[in-house]
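Please follow this walk through a structure, which begins where two chains meet and then turns to the parts within each of them.

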Amino acid sequence: MKAAEENVLLTGNEAIAEAAIQAGCRHFFGYPITPQSEIPEYMSRRMPEMGGVYLQAESEVAAINMVFGAAGAGARVMTSSSSPGISLMQEGISYLAAAELPCLIVNMMRGGPGLGGIQPSQSDYFQATKGGGHGDYRLIVLAPSTVQEAADLTMLAFDLADMYRNPVMVLGDGYIGQMMEPVRFKRPEAAELPPKDWAITGAKGRPRNVISTLSLDPETLEALNLRLHHKYEDVIRNERRVEIFEADDADIIIAAFGIVARIAKTAIRILREKGIKVGLVRPITLFPFPYDAVSKAADDLNVLVVEMNMGQMIEDVKLGIRGRSEVHFYGRTGGMVPSYEEIVREVERIHGGGG
Amino acid sequence: MMVMVKAFQRPRTLIPRPTHYCPGCGHGIIHRILAEVIDELGIRERVAGSAPVGCSALIHQYLDCDMYEAAHGRAPAVMTGFKRVHPDKIAFTYQGDGDLAAIGTAEIVHAAGRGEKITAIFVNNAIYGMTGGQMAPTTLICQRTTTTPYGRSPEAAGYPIRVSELLSTLEGAVYIERVAVNSPGNVLKAKRAVRRAFEVQMEGLGFSMVEVLSPCPQNWRMSPSEAVKFVEDKLMPYYPLGVFKTPEAMER
């Protein structure tokens, strides 16, 4: 990968891997799993060229703990996996959040539960945004809808992780990972990041550093939880991102994230040709969820939430709307992808007064 | 003129505070060995360790060097991450038998298999101490624990695992020794083994591990003196002391 300013044709997985390299990530620990194996494969080629480290761990459990060690050592580090592998990582993710270690975790979701399938899905929304592992913690969760955005959000993810000392997840799906689009790598403006003076580097010329998540005294543990809570409040205040599309004159609003929002845009174009004014609200950050923007866009309009699951983000949409609008749902699951025709049909049904 | 020299003193790396360990526990001795070796090798400012889950989860309160505290069994993976970022630094794990030989079996086997340049200190007391005396993977046949109240039977609970023997079959493991801290002589031998294990790492030769047979009088339901005798009479016949793997032997 030479010219950073040129468009190149890449899959979402490759774009994420290259974006991570360009964001200064030099350590990757992972374990192959469909549909994201192109990320470790790309890293196994690129990291040696860049003087970085690619290590294929013995499991996702080990991989996330290698991430813990490398993040604790002060490095920009990442791992990637897909749904069943991300489930295995949950223990380590809870520890990373508790120890406030910055890192990037990519989840290219596939259908579940269980071993599930290898086709795209969005059924890990709850796991990504509501916890997943044990304890009261949050990840920052970014949901790309194009290959370009996958690259952009990957670069942003490292800065957000360092800024808030928190693990960040890029939540894509098998579609985003596998499809090819032109992409241009643009570094975000250099963020002012706090120094990693907490890192484990050997206690040379300073008091020792300890990265620990054990607090046997409940008052100490409550204090940690409160401190984390205040940090998450800062994240909520500063980092909500959302795309609003053709919502100004809309009579119906579709809420969707990731690849489904792409499909919804096609449906919106067709519906508008038919004279039905439909807009889109697309959360880009799933945590922090843009409740206010969803609420504002929906106002008192009918809302249709479309997801590749049986209704997960819809709970946040409803929280944002607080009962002021009718919220409908259309979902396909198990690796099935909603077509624009299906979305058009659903909107027409709602528009026609169907329940 | 006669000069008085203080010949025996607290190692620099050992923080002067009382430990939380039970009377007769081996951890205090092993912590001191580690601190002395770190001092003697002059590596306090470039070493990092990882505490386990279990009785020694608080080892970072006693060692004055950079420390992680890993999830249960994951210390070899955590220190792999550290060492791959700082290959010029020195990394060790400190793990009990539940941590290393049960929940973290995959991590220790693969760290050894990769020849990861880290040193594992494996404290084998054949029981789960922190949780109150349950069976460990290294609990002996017929040994009574709170979860083998009739004694460990191979039919119900299988056989105790000899980790040093197991790991010494791996190419990446270059120095493996089993020692004990049940007598002054064995404590000195244990210290020599820990020192050699760190030297092997510093020479960049590969993975090293010292397994330490250690008394747990509290959970063995014994007096401290009975417990050191148990180490010799019961543990050592099943877990023989000795060097299982050396870089010198590999060169031959």
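Predicted model: local features only at pLDDT ≥ 70, side-chain atom pairs only at ≥ 80, totals over all residues.

The pairing belongs to an open sheet of eight strands, whose order is β9(A)-β2(B)-β1(B)-β3(B)-β4(B)-β6(B)-β5(B)-β7(B) and whose pairing is mixed. At its edges, each pairing on one side only, are β9 of chain A and β7 (242-245) of chain B. Further into the sheet, strand β1 (residues 47-51) of chain B pairs with β2(B) in the parallel sense, over four bridges, and here B:Ala51 stands opposite B:Glu69 in β2(B).

The contact between the chains can also be described by its residues, with 32 residues of chain A in contact with 29 residues of chain B. On the side of chain A that touches chain B, at least two residues each are supplied by β2 (27-30), β3 (53-56), α3 (60-72), α4 (83-99) and β9 (210-211) of chain A. Which element gives the most to this side? It is α3(A), with eight residues. Sorted by class, the side of chain A that touches chain B has 16 nonpolar, twelve polar and four charged residues.

Together with helix α2 (residues 38-49) of chain A, the strands β2(A) and β3(A) make a right-handed β-α-β unit.

In chain B, a helix pair may be considered next. The axes of helix α2 (residues 75-85) of chain B and helix α4 (residues 105-113) of chain B come within 7 Å and cross at roughly 40 degrees, which makes α2(B) oblique to α4(B). The residues that make this contact are B:Pro76, B:Ala77 and B:Thr80 of α2(B), together with B:Glu107, B:Ile108 and B:Ala111 of α4(B); by class, the residues of the contact of α2(B) with α4(B) are four nonpolar, one polar and one charged.

Returning to chain A, the domain assignment gives domain 1 (8-193 + 213-238) and domain 2 (242-351), and the C-alpha centres of domain 1 and domain 2 of chain A lie 26 Å apart. The contact between them takes 27 residues from domain 1 of chain A and 22 residues from domain 2 of chain A. On the side of domain 1 of chain A that touches domain 2 of chain A, the elements giving two or more residues are α5 (125-130), β6 (140-142), β7 (167-173), α7 (174-178) and α8 (218-238) of chain A. The largest share of that side, four residues, comes from α5(A), and its residues divide into 15 nonpolar, nine polar and three charged.

Chain A also holds an open sheet of five strands, in the order β10-β12-β11-β14-β15 (chain A), again with mixed pairing. The edge strands, each of which pairs on one side only, are β10 (242-245) and β15 (327-331) of chain A, and from one strand to the next the twist averages 20 degrees. Strand β14 (residues 302-307) of chain A runs parallel to β15(A) and is joined to it by five bridges, with A:Val305 standing opposite A:Phe329 in β15(A).

Helices lie across these strands. α10(A) lies across β10, β11 (252-255), β12 (278-283) and β14 of chain A, running at about 175 degrees to β12(A), whereas helix α12 (residues 340-351) of chain A lies across β11, β12, β14 and β15 of chain A and runs at about 155 degrees to β14(A).

How is α10(A) placed against another helix, α11(A)? The axes of helix α10 (residues 291-298) of chain A and helix α11 (residues 313-321) of chain A come within 8 Å and cross at roughly 70 degrees, which makes α10(A) roughly perpendicular to α11(A). A:Tyr291, A:Val294, A:Ser295 and A:Ala298 of α10(A) make this contact with A:Asp316, A:Val317, A:Leu319, A:Gly320 and A:Ile321 of α11(A), and the residues of the contact of α10(A) with α11(A) comprise six nonpolar, two polar and one charged.

Notes:
Residues numbered from 1 in each chain as written. Chains lettered and ligands numbered in written order. Axes fitted to C-alpha atoms, helices over the stretch in contact; angles between N-to-C directions. Parallel < 35°, antiparallel > 145°, perpendicular 65-115°, else oblique. Contact = placed C-beta atoms within 7 Å. Nonpolar A, V, L, I, M, F, W, Y, C, P; charged D, E, K, R; others polar. Right-handed = clockwise from strand over helix to strand, strands pointing away. Pairing = 2+ DSSP bridges. Domains from an automatic or database assignment.
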